[in-house]
Structures are given as C-alpha cells and as structure tokens.
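Subject: Structure handover

Hello,

The structure is below, followed by notes on what was found in it. Please read the notes with the model open.

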Amino acid sequence: MGVPVRPLTVTEEIKKAKMPRRQKGPRKGLNYFFTKCREQKELLLMSIPFLLWLFVFKYLPLGGWVMAFQNFRPARGFFESDWVGFDQFKFLFQDQRFLEVMRNTLAMSIINLILGFVTAITLAVLLNELRQIGFKRIVQTISYMPHFLSWVVVAGLVSSALAMEDGIINVLLLNLGIIDQPIMFLGVGQYFWGIIGASDVWKSVGWNSIIYLAAITMIDQEQYEAAEIDGASRLQRIFYITLPGIRSVVVILMIMNIGYILESGFEAQYLLMNPLNMDYAENLDIFVLRYGISMANFSLATAAGMFKTVVSFIFLFAANKIAQKLGEARLF
Amino acid sequence: MNLINRLKGKRRSVDDLIFDSINIVIMLLLVVVMLYPMLNTLAISLNTSTDTVRGGLRLLPREFTWYNYQHVFNEAQILRAGLTSVLRTVTGTILGVFASAMVAYTISRQHFFLKKFVTITFVMTMYMNAGLIPTYLLHRELGLIGSFWVYIFPTLIGVFNVIVIRSFIEGLPETLFESARMDGAGEFTQFFRIALPLALPVIATVSLFVAVGQWNQWFDVFIYNSSIPELSTLQYELMKVLSNSNAAFNSGAGAESAFAASQSGVIETVTPQSIRAAMTVVVSVPIIMVYPFLQKYFVKGLTIGGVKG
C-alpha cells in the first residue's frame with residue numbers, strides 16, 4: 001500500500017504540501033480565492049473550525065510571551081503592566097538556582113537521549129536476530145507494556161523497587177553481597193539522574209525499538225546472504241550490515257530529539273522528587289511550575305519557558321545544519 | 001579444501017548457537033525486568049496489609065484477600081474519580097479522533113486549495129510551545145478552569161495523529177473517491193462513507209493513542225481542577241496516594257500504623273502501600289488488556305507517522 005517506512009519528516013510534509021496544483025490560469029488574487037472558496041466550501045467547512053481551534057489554543061498563547069518583557073501583574077493585564085526589557089532574563093542568568101536547574105535539565109536530557117538511543121537500537125537488533133518467531137512476538141508485546149502505563153504508576157513502581165525496606169533492588173544487591181547496608185536511592189541526590197535514566201529506559205525502550213525494527217526489516221536480505229557466504233559472523237553482520245542500514249533513521253530521530261534537548265521530561269522528575277534529592281531533580285519545567293503557579297511570578301516563569309523554546313529551535317536548526325554538512329539525511 | 005569449509009561451517013554453527021543462547025538469555029532477563037514490578041504490585045494488592053508489611057512478598061500473595069480492592073471500590077471519591085476518568089477518556093477519544101480524522105481528510109485532498117496552508121500551520125505547532133503560564137492564562141480567560149472541558153478542548157487534535165491518518169487516506173485508491181464524485185457525492189459524503197470506514201485500522205491506532213493519553217493524564221487535573229473533587233480522576237487520586245505514602249514509606253510510618261492496627265484487634269486493615277498497589281492495578285489493567293490486540297495496527301501507524309510518539 002505504499003507505506004513509507006522511513007519516517008516522514010517535516011520537510012517532506014512541507015514538500016508534499018507544496019505539490020504543484022493542477023489548476024492552470026490565474027492563481028493569484030482575491031477573485032481566484034473567492035472562486036475556490038465557493039467551489040470547495042465543503043472542504044472549507046471541514047477545516048476552518050479546526051484552524052480556529054489551532055489558532056486559539058496553539059498560536060494565541062504565544063502572545064503571552066510579552067509577559068517575559070514585563071513585570072506582569074494579573075490585575076493590570078498585558079497592556080497596563082510595566083515594561084522591563086530583558087530584566088527577567090538577566091535575573092534568570094544571575095540566579096544560582098536557575099543555573100543549577102539548567103545543569104540538571106541538560107544532564108538528565110543528555111543521559112536520557114544517549115541511553116534511550118543505545119538501548120532501543122540494541123533491543124531492535126537483538127529482536128531481529130531472534131529466530132523463534134513466537135518468542136520474539138511475546139518479548140515485543142511485553143516490552144511495549146510499560147509505555148502504556150502512566151508516569152504516576154511508573155513512579156510508584158520505581159519508588160517501591162528502590163525502597164530501603166524490602167525494595168527489590170536493595171534486596172538483590174544485599175543478597176549478591178555488593179552492598180552490606182541498604183541504600184536510600186531516592187534520598188541521595190547524586191543517584192537521581194541515573195534513576196530517571198533507568199526509569200525512562202524501562203518505560204520506553206520497547207516502544208522506541210519499533211521504528212528501528214521497522215527500518216531493519218527494510219534492509220535488503222541479499223546483503224545478509226552474501227555476507228554469510230563470505231563467512232561473516234553474526235556480530236559482523238550486525239556491525240557491517242544492520243547498523244549501517246538503519247543509519248539514516250537514527251540520524252533523523254537524533255536531530256528531532258536534539259530539538260528537545262531542554263525537554264528532559266517533567267512527570268518522572270516531579271513525581272520522584274523529594275526534599276532530599278531536589279537539588280538534582282529540579283529541571284526547567286519544575287522551575288517554571290514553581291515560580292509560575294506556586295509563587296505566581298508569571299513573568300519570570302514565562303521568561304524561563306520562552307528561553308526553553310528558543311534554545312530548542314536553535315539546537316534543532318544547528319543539528320540539522322551539521323547533519324547536512326556531514327552529508328547525512330536531514331530534517332528540513 | 002572441502003574439509004576446511006566443513007570445519008568452518010561447523011565453527012560457524014557453534015558461534016551461532018552461542019549467540020542465540022546469549023540473546024535468548026538477555027531477552028528472558030528483559031521480560032523479567034519488565035514484568036516483575038507489575039506482578040509484585042499485583043501480589044501486594046491481593047495480600048493482606050498486615051502480612052505485606054512483614055516484607056519479602058514477591059510474585060504470589062501469601063495471605064490472599066480481596067479486601068484492598070473492596071476498600072478502594074468502597075470509597076466514594078475513588079468511584080467518582082473513576083467515572084470522570086471514563087468520561088474524559090470516552091469523550092476525548094471520540095471528539096479528538098473525529099476532529100483529527102476530519103482535518104486529515106481535508107489535507108489529504110490534492111485539489112484542496114488550502115492544503116498547503118493548513119498542513120504547515122498544523123505541523124509548525126509540533127515544535128512550538130507557548131509554555132505553562134501563557135497557556136494557563138488562556139484557559140482562565142476561556143473559562144475552562146474548574147470545568148470538565150479543560151480535559152478535552154486544549155488537547156483535542158494531536159498533530160502527529162493527523163499526519164498518521166492523512167498518510168493512510170492518501171494511500172487509499174483515488175478511483176474510489178472519483179467514482180463517488182461522479183455519483184454526485186460531496187466531500188462530507190466521501191469523508192463519512194469512504195475515507196472513514198476504510199481508514200478504520202488507523203482510526204483504531206489513533207484511538208488507542210488518544211485514549212491512553214486521556215486515561216493516563218493527571219497534570220491537567222493537578223493544575224486546573226485540584227480543588228474540585230467532582231473533576232478528579234483516578235490517576236490524580238493515585239498520585240495523591242503516592243505522594244502521601246512516599247512520605248509515610250520513608251519514615252516507616254505505614255508499617256507502624258498497620259502493626260498498631262493489627263494489635264488493637266481490628267480484623268482487617270489497609271496500609272497506604274496496599275491501597276496504592278490495588279489502585280495501580282485498577283488504573284493499569286484496562287490498558288494492559290487492550291493494547292496487545294491493537295499491536296499490529298499501532299506498529300504500522302507508528303511506522304507511517306515516523307515521528308517518535
């Protein structure tokens with residue numbers, strides 16, 4: 001059915017949208033526009049309500065960014081609040097806490113990014129090598145399960161597994177003789193990034209492997225047969241055929257994820273955070289929540305949120321440019 | 001020469017055997033790691049609280065009881081939250097999938113003169129986020145705060161879902177639509193009579209995505225409706241139990257109170273740990289029962305859409 005396995009990228013979306021129109025003749029001007037409106041009023045009726053929805057819920061809030069340049073008071077509104085230029089941003093970058101928050105955000109998102117890629121690709125490759133089809137299917141189904149659990153549930157499972165008394169991790173480590181005192185994992189800040197990374201892998205490794213597995217099945221089988229005749233071992237086939245075969249998918253997903261570099265997740269951190277590990281757990285999203293909702297400092301929270309979106313865009317474009325320079329697939 | 005090849009072949013098959021065995025062991029470990037936490041929780045939920053606090057419970061309950069579930073289902077607040085969860089999941093899925101499918105249909109029509117404009121305005125929002133505060137203020141202006149509809153409208157259409165459905169409809173044979181047009185069918189008829197029924201597999205996938213998202217959501221309850229018990233959801237109730245019992249867990253208060261209760265002659269009692277386990281099972285089971293049946297579809301849907309969910 002012409003199902004493209006390589007991910008459709010934003011550029012392709014836009015290119016597809018740009019496909020030449022069939023109509024000849026005058027294409028510009030209000031006349032053309034109104035004629036088309038009349039001709040296709042049903043399609044208009046079907047799309048305009050949702051365009052309005054999109055405008056209200058996705059584009060209109062962007063106007064709220066003016067708050068970042070104001071000393072916004074809800075009572076005064078956008079028009080009456082005092083303008084302060086870049087003062088909110090200056091305050092942010094001089095704030096010790098904000099710098100810590102940035103460190104946590106970057107650390108957790110880089111750990112999640114690398115762990116996520118490595119584990120998902122590894123799982124896809126290993127699943128692909130399984131010869132028992134029934135077993136493979138069972139493993140796949142089970143590995144998708146955590147993706148469907150909420151973070152509330154996962155955070156509960158993680159904190160039980162890590163509990164001091166009778167938590168499975170402590171029990172295993174004690175019985176294996178690796179430690180002789182149970183560790184209070186969630187009470188030590190230094191462990192927090194690792195805990196988040198591991199939880200994230202547990203939740204999403206199976207799900208993330210789907211796309212790589214699909215890419216692997218697109219690799220030409222003759223390559224494997226030729227390699228086998230030449231005496232290549234299983235590992236050699238993995239490293240010289242499978243992995244290079246999915247490189248473009250990996251690069252595209254990598255670029256897309258680099259755009260989310262300041263998106264280290266919110267729910268996991270928020271739900272597993274406690275006063276003991278807070279210095280390592282608080283990321284940008286929690287910072288925004290704390291300043292915005294709890295302390296009602298709307299301007300500062302908006303500035304922090306705006307900073308996040310802008311940096312994400314810069315990273316997205318930079319990664320795309322680098323991939324282009326290296327002659328790899330790119331996003332747009 | 002022949003002999004060397006045979007030896008090579010033999011060595012290769014031994015290598016293969018080792019590789020396969022290691023692979024199977026890794027996969028079995030993975031299965032254990034994925035399943036253990038849920039099975040352990042299930043065991044705790046079916047075990048008496050007083051026995052659970054003794055520790056050492058692993059995969060099977062030692063003192064079987066339904067009491068934890070009875071306790072959970074006897075609480076009016078939890079029943080009410082369950083009802084809200086079901087309502088928001090059903091409403092959100094029906095409206096959301098319908099809206100996404102309609103948008104997807106319009107931008108799958110090559111002759112639609114706004115195709116490009118609509119596609120780009122939708123896709124752009126995948127990379128834009130105004131942030132928590134501007135969004136909060138907007139919802140307040142719209143009067144959504146303190147209302148059920150804050151669960152439905154802001155997340156009505158998922159752009160990713162639109163793209164998945166669009167790709168599927170574009171893959172349908174154009175002749176179907178053409179012959180319908182010859183018979184005088186308008187766009188609405190083509191949408192309801194041709195596109196929607198034929199896109200059922202992808203509609204099922206997207207429905208699963210939307211339903212899971214709605215069912216698992218707790219943050220919008222927390223931000224917008226935390227003071228309104230009628231609008232609480234199961235996930236939010238579980239979240240409250242979790243944060244309460246975390247505090248108790250760390251100090252060992254849960255165990256002590258259960259011990260005290262068992263000493264004072266109360267026959268059956270529940271600890272936050274047991275309630276949490278029972279609630280975890282209650283909120284997770286509906287999804288765990290459904291997703292394996294849709295596996296074939298969502299794997300395909302994810303591959304079509306490409307972007308990571």
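Helices here are DSSP runs of H or I with at least four residues, numbered from the N terminus. In those terms, H1(B) gives 9 residues to the lining of the second largest pocket, the largest share. Please keep in mind that this is a predicted model.

The second pocket

The volume of the second largest pocket is about 840 Å³. Its lining takes in 31 residues, and those nearest the centre are Ile169(A), Ala198(A), Trp202(A), Val33(B) and Pro37(B). Sorted by class, the lining of the second largest pocket holds 27 nonpolar residues and 4 polar ones, with no charged residues.

The interface

How much area is buried between chain B and chain A? The figure is about 9,600 Å², and carbon and sulfur atoms supply 74% of that area. On the residue level, 107 residues of chain B and 106 residues of chain A take part in the contact.

For polar pairing across the interface of chain B and chain A, the rule gives 24 residue pairs in polar contact, both residues being at pLDDT 80 or more. On the side of chain B that touches chain A, helix H1 (residues 2-45) of chain B gives the most, with 18 residues. That side of chain B is made up of 66 nonpolar, 28 polar and 13 charged residues.

Salt bridges

Side chains of opposite charge can pair when their charged atoms come close. Over all chains, the search of the whole structure returns 24 salt bridges. Across the interface of chain B and chain A there are 5 salt bridges by the rule. A salt bridge joins the side chains of Arg234(A) and Asp16(B), at 3.4 Å from N to O.

Within chain A, Asp87(A) and Lys90(A) form a salt bridge, with 3.8 Å between the closest N and O atoms. Both residues belong to helix H5 (residues 87-94) of chain A, where Asp87(A) and Lys90(A) are 3 residues apart, about one turn of the helix.

Regards

Note on methods: Residues are numbered from 1 along each chain as its sequence is written. Chains are lettered from A and ligands numbered from 1 in the order in which they are written. This is a predicted model: local features need pLDDT of at least 70, side-chain atom pairs count only at pLDDT 80 or more; totals for chains, interfaces and linings use all residues. Side-chain values use heavy atoms; hydrogens and water are left out. Contact means heavy atoms within 4.5 Å. Buried area is the accessible area (1.4 Å probe) that two parts lose on being put together, summed over both. A salt bridge is a side-chain nitrogen of Lys or Arg within 4 Å of a carboxyl oxygen of Asp or Glu. A polar contact is a pair of N or O atoms within 3.5 Å; within protein, one must be able to donate a hydrogen and the other to accept it, and residues adjacent in sequence count only if both atoms are side-chain atoms. Helices (H or I, at least four residues) and strands (E, at least two) are DSSP runs, numbered from the N terminus. Ala, Val, Leu, Ile, Met, Phe, Trp, Tyr, Cys and Pro count as nonpolar, Asp, Glu, Lys and Arg as charged, and the others, Gly among them, as polar. On a 1 Å grid over the protein atoms alone, a cavity is a set of points where a 1.4 Å probe fits but cannot get out, and a pocket is an open set with protein on both sides within 12 Å along at least five of seven lines; lining residues have an atom within 4 Å of a point. Grid points are joined across faces, edges and corners, and a volume is the space filled by probe spheres set on the points.
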